[in-house]
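Please open the model in your viewer and keep the selection panel at hand.

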Number of protein chains: 2
Amino acid sequence: MSQDFEKLTVYGKSFSGLTADKEALLVEIGPQIKPHLGAVTDEFYQQLLNISEASTFLAGRVESLKKTHGLWMEGLFTGPFDKNFTAQMFKVGDVHVKVKLPVEFMAGAMTLINNRLFSLIVDTFGDDKQRCGQIIAAVNAVTGFSLLVMQQSYQASSLAEELEKFLKISGMSRTLFTNLALAYRDK
Amino acid sequence: MSQDFEKLTVYGKSFSGLTADKEALLVEIGPQIKPHLGAVTDEFYQQLLNISEASTFLAGRVESLKKTHGLWMEGLFTGPFDKNFTAQMFKVGDVHVKVKLPVEFMAGAMTLINNRLFSLIVDTFGDDKQRCGQIIAAVNAVTGFSLLVMQQSYQASSLAEELEKFLKISGMSRTLFTNLALAYRDK
């Protein structure tokens with residue numbers, strides 16, 4: 001799949017409010033936040049294990065998933081939030097289709113992660129109301145940006161996979177299907 | 001499409017951390033938040049109009065969309081968050097497929113709305129750090145819950161629509177397709 005990650009980065013940032021100021025703030029607070037991210041990850045997977053619909057996807061894989069998840073979270077407070085970051089999140093969306101994760105899992109997971117991160121931020125920075133508000137907005141923007149890119153990728157992969165399934169079941173060749181689709185479109 | 005909204009409500013709440021305590025808190029702060037929601041809605045649509053990928057979906061419809069959007073936001077601070085609330089969000093996801101809105105728009109939109117709501121909450125409740133943290137968690141949970149239900153619905157409608165498209169293009173009947181799919185599955 002060819003994908004313009006530069007363009008997707010610009011689109012994703014505009015649609016999540018991730019500005020250069022917010023990016024700088026995320027990197028700035030990194031040293032104060034990072035020591036707590038291990039606990040955030042542990043608690044997140046504990047919550048997932050308590051949701052029966054989610055726990056079936058985790059059996060025997062929690063430790064390796066925690067590692068990948070931990071690296072992503074560190075990245076949220078490290079940067080840079082460039083086309084490589086986007087390409088990485090795009091890959092994650094694609095992997096989620098391959099393991100047949102329902103699309104709404106990503107929205108749910110990000111909500112649980114934000115719940116935990118916001119509570120950490122209020123504890124850490126809450127005495128300065130204005131700064132605390134700015135930090136919450138920055139974290140919300142960067143997790144929203146990640147979710148948006150993942151889901152864009154998920155949707156593309158998911159439709160491609162549906163077409164595969166249809167071709168397999170119908171026994172129709174891709175060429176015939178494409179020609180029919182074009183002929184149909186011209187009508 | 002038959003759908004167990006009771007079950008989807010339980011699932012959605014567990015996957016967004018929307019507890020009874022948080023629901024009560026949302027309703028409690030309603031009188032302080034609601035007077036500001038009109039401005040939140042206006043600003044949200046202004047942001048969307050500035051994103052070229054999004055603005056094409058809005059042409060000539062902004063005023064009527066603002067009304068629906070405003071009602072949903074009022075509901076976030078009114079409750080009850082029961083199966084009727086879920087059924088309503090499910091319908092919204094379905095409508096989004098019908099107007100061919102890309103799936104990631106919903107995640108992006110919710111991020112922009114949360115950015116604005118969190119800033120309002122910090123301004124209004126920021127002097128009490130603990131309460132402010134609880135309110136942010138409650139708002140994040142209820143918007144996450146809404147997003148999750150919408151996306152579950154979106155995915156179901158979107159796959160149904162893809163199948164329609166295949167059948168139309170291939171000229172295959174639904175019965176033949178279903179029989180082939182079953183035969184294929186048994187192999």
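A crossing of two helices is called right-handed if the near helix is turned clockwise from the far one by less than a right angle, and left-handed if anticlockwise. The term is needed at two of the stops below. Please note that this is a predicted model.

**First stop: two helices of chain B**

Select residues 37-49 of chain B, which form helix α3, together with residues 62-76 of chain B, which form helix α5. The two helices pack at an angle of about 135 degrees, and their axes are 10 Å apart. Because of this angle, α3(B) is oblique to α5(B). The crossing of α3(B) and α5(B) is right-handed.

Now show the side chains where these helices meet. From α3(B), display L37(B), G38(B), V40(B), T41(B) and Y45(B). Their counterparts in α5(B) are V62(B), K66(B), H69(B), G70(B), M73(B) and E74(B). Sorted by class, this contact comprises five nonpolar, four polar and two charged residues.

**Second stop: a further pair in chain B**

Next, select residues 104-125 of chain B, helix α7, and residues 129-170 of chain B, helix α8. Here the packing angle is about 165 degrees, with the axes 10 Å apart. The angle is over 145 degrees, and α7(B) is therefore roughly antiparallel to α8(B). This crossing, too, is right-handed.

Among the residues of α7(B) that make the contact are M106(B), I113(B), L117(B), F118(B) and F125(B). Those of α8(B) include R131(B), I135(B), V139(B), L147(B) and Y154(B). The residues of this contact divide into 16 nonpolar, four polar and one charged.

**Third stop: both chains together**

Display chain A beside chain B. How can chain A be laid on chain B? A turn of 180 degrees, with a shift of 0.0 Å along the axis, superposes them with an RMSD of 0.0 Å. The two copies are thus related as by a two-fold rotation axis. Both use the same surface, as 100% of the contact residues of chain A recur in chain B.

Between the chains, 44 residues of chain A are in contact with 44 residues of chain B. In chain A, select α1 (5-14), α6 (104-125), α7 (129-170) and α8 (174-186), each of which supplies at least two residues of this side. The largest share, 18 residues, comes from α7(A). By class, the residues on this side of chain A are 23 nonpolar, 16 polar and five charged.

Key: Residues numbered from 1 in each chain as written. Chains lettered and ligands numbered in written order. Predicted model: local features only at pLDDT ≥ 70, side-chain atom pairs only at ≥ 80, totals over all residues. Axes fitted to C-alpha atoms, helices over the stretch in contact; angles between N-to-C directions. Helix = DSSP H or I, 4+ residues; strand = E, 2+ residues; numbered from the N terminus. Parallel < 35°, antiparallel > 145°, perpendicular 65-115°, else oblique. Contact = placed C-beta atoms within 7 Å. Nonpolar A, V, L, I, M, F, W, Y, C, P; charged D, E, K, R; others polar. Least-squares fit on C-alpha atoms with pLDDT ≥ 70 in both.
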